[in-house]
Amino acid sequence: MRKYIFFRTDRIGDFLMSSILFKSIKKSDPNSKIILIASKKNYDYINNIDFVDEVILFPKNFYKKIFFYSNFFFKKFFLIGVLDGKKRSIYFSLFVRSKYKFLFTYKNFYYSIMSLFYTKVYLDKNCLNKISEIKDLLNIINLNFDKDNLNTINKEIVSRRNLTLVNSNNYILLHFDEKWIFKDYIQTYNSIEPLNEQNLFIFLKKILEKSNSDLVITTGFKKNKFINFLKNKFNVISENIFVHNVNNKKIYLYDNLSFLELEKLILFCDTLITCHGAPSHVAAAFNKKIIDIIDFSENDFFLKWTAHFRNHKLINRENFEQTSYKILNLL
């Protein structure tokens with residue numbers, strides 16, 4: 001049995017990109033053991049992935065870190081992959097034995113110095129896109145890649161999760177999280193915040209008209225006046241599910257879902273509208289239509305991370321009127 005260990009001590013979206021690599025390894029090398037070193041932000045999620053064999057939470061306590069490193073010191077792996085590019089992960093990989101070592105980094109310094117110690121160092125600015133890096137790594141270790149490996153999330157497992165779904169055969173999903181609210185997100189980005197609550201509600205009704213589908217709205221974890229407005233306007237179904245009738249269509253609001261619950265709603269939607277993030281990668285894994293909102297200042301970055309997405313449209317953040325107009329034209 002060949003053991004693979006990867007550092008992904010960052011976020012769910014980063015893991016979902018890398019999960020294409022892990023699934024490819026497991027499919028080509030079914031007797032492999034895949035170990036993930038995770039962060040608090042993605043540990044619980046990764047534990048639900050069927051092709052990851054072991055998930056270890058990276059410790060924060062100094063003494064626990066010492067124990068963590070010493071626990072691996074005498075072990076040997078087939079491959080170590082530092083996918084998060086973090087200094088602590090790099091230190092680990094330098095002192096633990098493996099046949100192959102790979103480092104993914106944004107820093108020129110690491111690229112220059114660490115090339116001596118790794119099978120290959122991938123510098124972000126040199127790569128065409130993230131999926132090409134995955135394919136190259138697999139080629140180096142003589143494993144295969146096929147397009148089915150893009151479907152990294154087990155639909156059967158997701159469909160069995162406990163969540164009351166909307167009573168609809170087809171619906172658009174609008175993920176209205178903190179990335180829509182100017183003060184709650186990156187303030188060098190263009191604001192796409194609605195002018196007021198009524199402005200948002202008009203947009204929601206236009207989605208119904210244009211798509212001829214029901215609409216589901218999901219929220220982030222930060223409260224804002226727009227979601228409070230909708231909750232007060234809509235009828236209560238349960239503690240965190242609300243509904244509003246518009247002619248023959250319905251708008252549902254799911255407030256404060258867990259990410260696993262959100263994943264189930266994405267599985268059954270027709271189209272996802274979202275600011276780019278982990279939900280975008282979930283929809284891509286299900287091959288859903290995605291309207292993905294990004295900021296033009298980081299256009300090249302987002303193109304690298306979404307090159308493998310199918311049925312995908314990127315639109316740049318502008319003011320709410322222009323952004324909503326673009327969204328409606330793509331429905």
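Reader: Asn-287: buried, partly exposed or exposed?
Author: Partly exposed, at 38% relative accessibility in this predicted model. Buried means under 20% relative accessible area, exposed over 50%, and partly exposed in between (1.4 Å probe, protein chains only).

Reader: Where is Asn-287?
Author: Asn-287 sits in the loop between helix H11 (278–285) and strand S13 (289–294). Helices (H or I, at least four residues) and strands (E, at least two) are DSSP runs, numbered from the N terminus.

Reader: What about its phi?
Author: Phi of Asn-287 is positive, near 55 degrees, and the residue is not glycine. Most residues other than glycine have a negative phi. Asn-247 also has a positive phi, about 55 degrees.

Reader: Where does Asn-247 lie?
Author: Asn-247 is in the loop between strand S10 (241–246) and strand S11 (249–254). Asn-247 counts as exposed because its relative accessibility is 75%.

Reader: Switching to salt bridges. How many in the whole structure?
Author: The search finds 14. The criterion is a side-chain nitrogen of Lys or Arg within 4 Å of a carboxyl oxygen of Asp or Glu.

Reader: Which residue pairs with Asp-53?
Author: Lys-26, at 2.7 Å, N to O. The two are 27 residues apart: Asp-53 in the loop between H2 and strand S3 (54–57), Lys-26 in helix H1 (residues 12–28). Lys-26 is buried at 16%, while Asp-53 is partly exposed at 40%.

Reader: And which Lys does Asp-255 bridge to?
Author: Lys-223, with the closest N and O atoms 3.3 Å apart. Asp-255 lies in the loop between S11 and H10, and Lys-223 in the loop between strand S8 (214–219) and helix H9 (225–233), so this bridge ties together parts 32 residues apart in sequence. Asp-255 is buried at 6%. Lys-223 is partly exposed at 49%.

Reader: Which residues form a network of bridges?
Author: Asp-124, Lys-130, Glu-133 and Lys-304, joined by salt bridges that share partners.

Reader: Now Ile-5. Buried or exposed?
Author: Buried, with a relative accessible area of 0%. Ile-5 is in strand S1 (residues 3–8).

Reader: What does Ile-5 touch?
Author: Beyond four places in sequence, its contacts (heavy atoms within 4.5 Å) include Ile-35, Phe-72, Leu-79 and Phe-92.

Reader: How many residues of helix H10 are buried?
Author: In H10 (residues 259–268), 7 of 10. Among them are Phe-259, Glu-263 and Lys-264.

Reader: What ground rules apply?
Author: Residues are numbered from 1 along each chain as its sequence is written. Local features need pLDDT of at least 70, side-chain atom pairs count only at pLDDT 80 or more, and totals for chains, interfaces and linings use all residues, while side-chain values use heavy atoms, leaving out hydrogens and water.
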